[in-house]
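Open the model in your viewer and keep the selection panel at hand. The tour goes one selection at a time.

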Amino acid sequence: MSRYRFLDTAGLIFLAVVLAMAVLIPASNLLLPPDNPLHVPDYLVPLLGKYLAFAMLALALDLVWGYCGILSLGHGAFFALGGYAMGMYLMRQIGPRGVYGNPILPDFMVFLNYKDLPWFWLGFDHFWFAAVMVIAVPGLLAFGFGWLAFRSRVTGVYLSIITQALTFALMLAFFRNDMGFGGNNGLTDFKDILGFPVQAQGTRAALFALTALALCGAYLISRWVVTSKLGKVVVAVRDAESRTRFIGYRVENYKLVVFTLSAMLAGVAGALYVPQVGIINPSEFAPANSIEAVIWVAVGGRGTLVGAALGAFLVNAGKTWFTGVLPEFWLFALGALFVLTTLLMPKGIVGAVSDLLGLRRKSELPSAPPAAPAPPPAAAPAE
Amino acid sequence: MASIRNRASTLAALLVLLGLTFWGAISPAVADPLDDALAGFTTDKYDDTEKAIQGVVATAAPTGKAIFEALAAGRLVFDPESKSVLIKDAAGKLTLAKTGEAAPADLASRPLKTVRANNRIRRAVEAASGAFELQDPNPRKRIDAARAVFKSRDPAALKAIETALATEKDAAAKEALQQARAAIILGKADAPEADRVAAADLVADVGDQDALAALRSLPPGSPQTVKDAADAGIASIERWLSVANAFQDVTFGVALGSVLLLAAIGLAITFGVMGVINMAHGEMVMIGAYTTFLTQRLIHSYLPAIDGASLIIAIPAAFVVAGAVGVLIERTVIRFLYGRPLETLLATWGVSLILQQAVRTMFGPTNQAVSTPEWLQGSVSLMGVSLNWNRVAIVLFALGVFFALLLLLKRTSLGLKVRAVTQNRRMAASMGIRTPWVDAMTFGLGSGVAGIAGVALSQIDNVSPNLGQSYIIDSFLVVVFGGVGNLWGTLVGAMTIGVANKLLEPWAGAVLGKIILLVAIILFIQKKPRGLFALKGRFVDA
């Protein structure tokens, strides 16, 4: 097979759409009068921004699941850790404007009788430090976790279960009041980000545009990874891990690189999510959230990157609509989505559409394993 | 404060007691000590009443028990003029407190006053009537009375104890009496030092919380040797109590482990055979619990005569309902996904969401009340640790289900086929086993067992649509920790996790203990990716 094209048609369309959103939606919200039919209402901007952050999480998940075959049921943990790092910066920006007016300690610490700022909060009053932590904390956790797991060849459902246990353990930990992260209330009541008021419409529009740009950046990075030589090996690991190892590749190192990178992207997504929704609490670590993120990828199309982002956008839009109109039916719809997608649309929307249009050219990557050449017979039952 | 007051009154009582015995010893003809004692009841002062109680104990009057019962019930009366004390029985009939004879008619017509009692008096009465029960013909009662004295350490009871000891024949009662005597002597400042040291040892041998209290409340100014003996006793009791606490933690852990075993064992079967994690497994447990709820309701409305057996009837009902739902899921969803374990995981997660919401829509989001039959209520005491019957029942039930499944897998034709498919699916198929049929049956079996688990969990947990979710992650970890396709591994895994959880709880707290455990399991899986008891099958790891 020849080198993959760095950007294919779908990728170009995706970038164009997201960039257009980044410009048009803030512009329409800020510049057009509210009675103009093209005006984007104020509530919609952070909502769409939230979807974009979720799309970025889906992108990160697709990188490990779609291309490397690692079904992580704990990516929500990396997302939430990135969110907490950003939340800590935002908490420090409140300064003496909290309810208790303590210039150093956030409200919940005053409430819990903290005397000093815990050591792990030091530095979070600087944006650059928080920004580094947004990437470093999820990255380090993923590196440590993956270093242990991949080296001892924990694969398949076993890996899925321990990633789930990881996010579950973190959820329990962050629910504890004496962890120093606000317990079950989490971090909220944010005032400023980089000196701009978080609640102001201008800041929200800017955050939206920033999220859209970050999504494009994440797409370009992911795309660059999967079209590189590294990406080819990673896909080989997904389709026949033992074979790749026997050829001589250090499979665990490839997995580790992709897993860590994916966790960092998830962390950035979380950091962009928090200022737009205005709160981060331990329920973001809930295993159910991580599994829901997996279904975004599956619905959109596993192993397509664009599909993952699309799936996140569509499923969350559906969720917003359902919970507003038919709240009881949302779980039925979500459950059915899980079942029907895996049964009837294993390649997701993007896969189905491109099959339909006969657009699957050689230049595109093979998608999920079922479409790949039949695995070696012995591998089937044990996987 | 309380102990100081206690000690002061003890001392006062002691002096009175000594005075009385002294008086009684030298001048039996001058006055009957019982008359003196009873006179205390007629002054209408609490202090005198208390002294009177101790006086009655000291004289070991035959009517003493009746006097105390009457005093406790507010039926002890006196005539302020003649100073005679009378007992009024429940029917209002009056008898003389001194002799127990019927009261003369003229007394009954006078305006009688009731001897008043406050809490201090009631406590004194309680301790004093204990002394009288020491003479009860039933040895069981005598032991109870001796234990009561051991607990109260009332010096007034010493004489009664010693009287009882002199005539006691029953070995167990004698031992109890000696312990009670030791407890009193230990706290008696004027007892010989050597006796008190010996008493401390004897009290320490009892080894419970009461003994600890006795050893800790030495009167001030006790000799150093007594203090040392008491300290040694305290140390040894504390050692023993910490062992008992550990034992209690372990029993709680076994109970938790049994719950985990019940929840995980069905998962172990389906996962072992099909290599598929069924995320809807927890919902099968939930369905079992709701079946229990419905069964109880139906039986309560239509067959109230067999209410007590409804939980037993719910077991097969839950098995059938959950098993049927399981077969349905297998036939409609899972069979299309064989060889794609990760997709199965997602599809079954979807199924679990649908089942949860379906139950929520049908029964509402609130908890449903499932009653506990009478024969499961109450508790049993084992080595000083009290265990609820329903926990004991769950342990036994879990083990019963476990061994029934083991028999099924080892001794039946279905079990043989299941094991064959678990070890090598292709080979089994080549030998003519209908693997799809085995899959469906196994899935039904695993789901049915989950339903049975739901019956048990309905007794200790809230029956709500979220019941299953709280067990699913724990169940996974049990199965993965124990090793797939091996029921013994699941047993060991469940018990290890249950006991470790309860042992961690006291010093780490419930949440932190759980986190430590999760991290430990994650690390363990790195070390042994195939679990504690890995199945040696002829398959190649992908």
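**Stop 1: the whole model**

Show both chains and colour them by confidence. This is a predicted model, and its overall scores are ipTM 0.84 and pTM 0.75. Chain A has an average pLDDT of 88, and 92% of its residues score at least 70. For chain B the average is 81, with 91% of the residues at 70 or above.

**Stop 2: confidence along chain A**

Select helix 10 of chain A, residues 251-277, which has the highest mean pLDDT among the elements of that chain, 96. Then select helix 15 of chain A, where the mean is the lowest, at 36. Next, take residues 362-383 of chain A: pLDDT is below 50 over this stretch, which still has 46 contacts in the model beyond near neighbours in sequence. Where pLDDT is low, the predicted coordinates should not be read in detail.

**Stop 3: confidence along chain B**

Which helix of chain B has the lowest confidence, and which has the highest? The lowest is helix 1, residues 2-26, with a mean of 50, and the highest is helix 14, residues 310-332, with a mean of 93. Now select residues 19-29 of chain B, where the pLDDT is below 50 and the model has 7 contacts beyond near neighbours in sequence. Go on to residues 538-542 of chain B: pLDDT stays under 50 here too, and the model has 17 contacts beyond four places in sequence.

**Stop 4: where the chains touch**

Show the residues of each chain that touch the other. Chain A contributes 48 residues to the contact and chain B contributes 42. On the chain A side, the helices that each supply at least two residues are helix 5 (127-151), helix 6 (156-175), helix 9 (241-247), helix 11 (287-300), helix 13 (329-344) and helix 15 (379-382). Which of these helices of chain A gives the most? Select helix 6 of chain A, which supplies 14 residues. Colour the chain A side by residue type: 35 of its residues are nonpolar, 8 are polar and 5 are charged.

**Stop 5: annotated transmembrane regions**

An unreviewed UniProt entry places the feature "transmembrane region" at several spans of chain A, including 294-317 and 329-350. Select residues 294-317 of chain A; the span is 79% helix and 0% strand, with its end C-alpha atoms 16 Å apart. Then select residues 329-350 of chain A, which are 86% helix and 0% strand, with end C-alpha atoms 26 Å apart.

For chain B, the feature in an unreviewed UniProt entry includes residues 309-329 and 341-359. Residues 309-329 of chain B are 95% helix and 0% strand, and 31 Å separate the end C-alpha atoms. Residues 341-359 of chain B are 100% helix and 0% strand, with a distance of 27 Å between the end C-alpha atoms.

**Stop 6: the domains of chain B**

Colour chain B by domain. The assignment gives domain 1 at 2-228 and domain 2 at 256-527. The centres of domain 1 and domain 2 of chain B, taken over C-alpha atoms, are 58 Å apart.

**Stop 7: the sheet in chain B**

In what order do the 4 strands of the open sheet in chain B lie? The order is 3-2-1-4, and the pairing is antiparallel. Strand 3 (94-96) and strand 4 (113-114) of chain B are the edge strands, each pairing on one side only.

Begin at strand 1 of chain B, residues 76-78, which is joined to strand 4 of chain B by 2 bridges. Show B:F78 and its bridge partner in strand 4, B:K113.

Strand 1 also pairs with strand 2 of chain B, over 3 bridges. Here B:V77 stands opposite B:L86. The two strands form a hairpin with 6 residues between them, and in its turn B:K83 has a positive phi of about 60°.

B:K88 has B:L94 in strand 3 as its bridge partner. These strands also form a hairpin, with 5 residues between them and a positive phi of about 100° at B:G92 in the turn.

Last, select helix 4 of chain B, residues 64-72. Helix 4 lies across strand 1 and strand 2 (85-88) of chain B, at about 70° to strand 2.

Terms used: Residues numbered from 1 in each chain as written. Chains lettered and ligands numbered in written order. Predicted model: local features only at pLDDT ≥ 70, side-chain atom pairs only at ≥ 80, totals over all residues. pLDDT = per-residue confidence, 0-100. Contact = placed C-beta atoms within 7 Å. Domains from an automatic or database assignment. Pairing = 2+ DSSP bridges. Axes fitted to C-alpha atoms, helices over the stretch in contact; angles between N-to-C directions. UniProt positions renumbered as here; feature names shortened; annotations may be inferred. Nonpolar A, V, L, I, M, F, W, Y, C, P; charged D, E, K, R; others polar.
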